[in-house]
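Please look over the sequence and the model below before reading on. The report that follows takes up helix packing, the nonpolar core and a few individual residues.

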Amino acid sequence: LPEATPLENVRLALQVLGLRRRDVVERAAEALARVGLDPRNAKPVRCLSGGEQQRVALARALAGRPPILLADEPTGNLDPALTRDILHALELIRASGTTILLATHDPIVQRHAGASRILYLEAGRLVEDRVLAPRPHFTPELDEQGDPVDPLAAIDDDEFSDEPLWLPTEGERLLALEQVA
C-alpha cells in the first residue's frame, strides 16, 4: 500500500486476522518499533527509503506473531548500511524465538545472517544441506553506556556483491547431471 503510512500498512495486515481494534493499533506500533521505525511517521510508504520500505514489510509480517518468518531476499537492492540494519532486525527477531527462513543470493548476507542451517539450491534442486554449529542464545553485547553494540557494524561495505553464494565445479555439475539421468 504505497499511499498508506507505515502504521496503516501494518494495521491492515492485523485487521484481516480479526483482532480487536485496540490490539491492532498496539501490535502494529510494537511491530514497527521492533524494526526501528517510528509508528507516528505520517509519510506514505512510497516516500520512505528502500530500507524503510523493507522494514515496513518486515513489521507487517511480524505483527501477526508468526512462528516462522519467510524472508525472500529481504536485503535485495539495498545498500550495505541498510542491509546491516535489516540483518540486525532479523537477528533480534530470531533471538525472540521466531524461526526465519531467509532466501538470498548474496554471500555476505549468508555469512552474516546467523544461520543455523544452510540449504544450497541450484535450478530448483537441493545440492547441499549444511547444519552449522548451534549458536548460543542471543545476549547483546553492551557498550560503556549500556547500549547494545551492533555486531554487523564491522561489515565492510565493499564486502557486499552480486556474486552467487556457490558455484559448482565442473565435476559437481557432471555428477549432478549423472544423478538426474
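In which hand, left or right, does α1 pass α2 in their crossing? In this predicted model, the crossing of α1 past α2 is right-handed.

**Overall layout**

The chain has six helices and four strands, and, read along the sequence, these elements follow the pattern α-α-α-β-α-β-α-β-β-α. Of the 181 residues in the chain, 28% are buried. Among the contacts with a separation of 6 or more, 59% are accounted for by residues 24 or more positions apart.

**The packing of α1 with α2**

Two packed helices are described by the angle between their axes and the distance between the axes. For α1 and α2, the angle is about 130° and the axes are 9 Å apart, and the two helices are therefore oblique to each other. On the α1 side the contact is made by P6, L7, V10, R11, L14 and Q15, while on the α2 side it is made by R21, V24, V25, R27, A28, A29, A31 and L32. Sorted by class, the residues of this contact of α1 with α2 comprise ten nonpolar, one polar and three charged.

One of the residues on the α1 side is R11, which is partly exposed at a relative accessibility of 21%. Not counting residues up to four places away in sequence, R11 touches R21, V24, V25 and A28. R11 and A28 are 17 residues apart in sequence, and their C-alpha atoms are 5.5 Å apart in space.

**The packing of α3 with α4**

The axes of α3 and α4 come within 10 Å and cross at roughly 15°, and the two helices are therefore roughly parallel to each other. The crossing of α3 past α4 is right-handed. In this contact, G51, Q54, R55, L58 and L62 of α3 meet L82, I86, A89, L90 and I93 of α4, and by class the contact has seven nonpolar, two polar and one charged residues.

**The largest nonpolar core**

Which residues touch the most other members of the largest nonpolar core? Of the 22 residues in this core, they are V10 and L58. Two or more residues of the core are given by each of α1 (6–15), α2 (21–34), α3 (50–63) and α4 (80–95), and the largest share, five residues, comes from α3.

V10 belongs to the α1 side of the contact with α2, whereas L58 belongs to the α3 side of the contact with α4. Leaving aside neighbours within four places in sequence, L58 is in contact with V35, L69, A89, L90 and I93; A89, L90 and I93 are also among the α4 residues that meet α3.

L92 and V35 are 57 residues apart in sequence, yet their C-alpha atoms are 8.9 Å apart in space. L92 is itself partly exposed, with a relative accessible area of 34%.

**Residues in the loops**

Is T75 buried or exposed? T75, which is found in the loop between β1 (68–72) and α4, is buried, because its relative accessible area of 6% falls under the 20% cut-off. Leaving aside neighbours within four places in sequence, T75 is in contact with Q54, T83, I86, L87 and V109. Of these, Q54 and I86 also take part in the contact of α3 with α4.

Most residues other than glycine have a negative phi. R65 lies in the loop between α3 and β1, while E73 has its place in the loop between β1 and α4.

The relative accessible areas of the individual residues discussed above are gathered here.

| Residue | Relative accessible area | Class |
|---|---|---|
| T75 | 6% | buried |
| R11 | 21% | partly exposed |
| E73 | 24% | partly exposed |
| L92 | 34% | partly exposed |
| R65 | 47% | partly exposed |

Methods
Residues are numbered from 1 along each chain as its sequence is written. This is a predicted model: local features need pLDDT of at least 70, side-chain atom pairs count only at pLDDT 80 or more; totals for chains, interfaces and linings use all residues. Side-chain values use heavy atoms; hydrogens and water are left out. A nonpolar core is a set of buried Ala, Val, Leu, Ile, Met, Phe, Trp, Tyr and Cys residues joined through side-chain atoms within 4.5 Å. Buried means under 20% relative accessible area, exposed over 50%, partly exposed in between (1.4 Å probe, protein chains only). Contact means heavy atoms within 4.5 Å. Axes are lines fitted to C-alpha atoms, for helices over the stretch in contact, and angles run from 0 to 180 degrees between N-to-C directions. Angles under 35 degrees count as roughly parallel, over 145 as roughly antiparallel, 65 to 115 as roughly perpendicular and the rest as oblique. A crossing is left-handed if the near helix is turned anticlockwise from the far one by less than a right angle, and right-handed if clockwise. Ala, Val, Leu, Ile, Met, Phe, Trp, Tyr, Cys and Pro count as nonpolar, Asp, Glu, Lys and Arg as charged, and the others, Gly among them, as polar.
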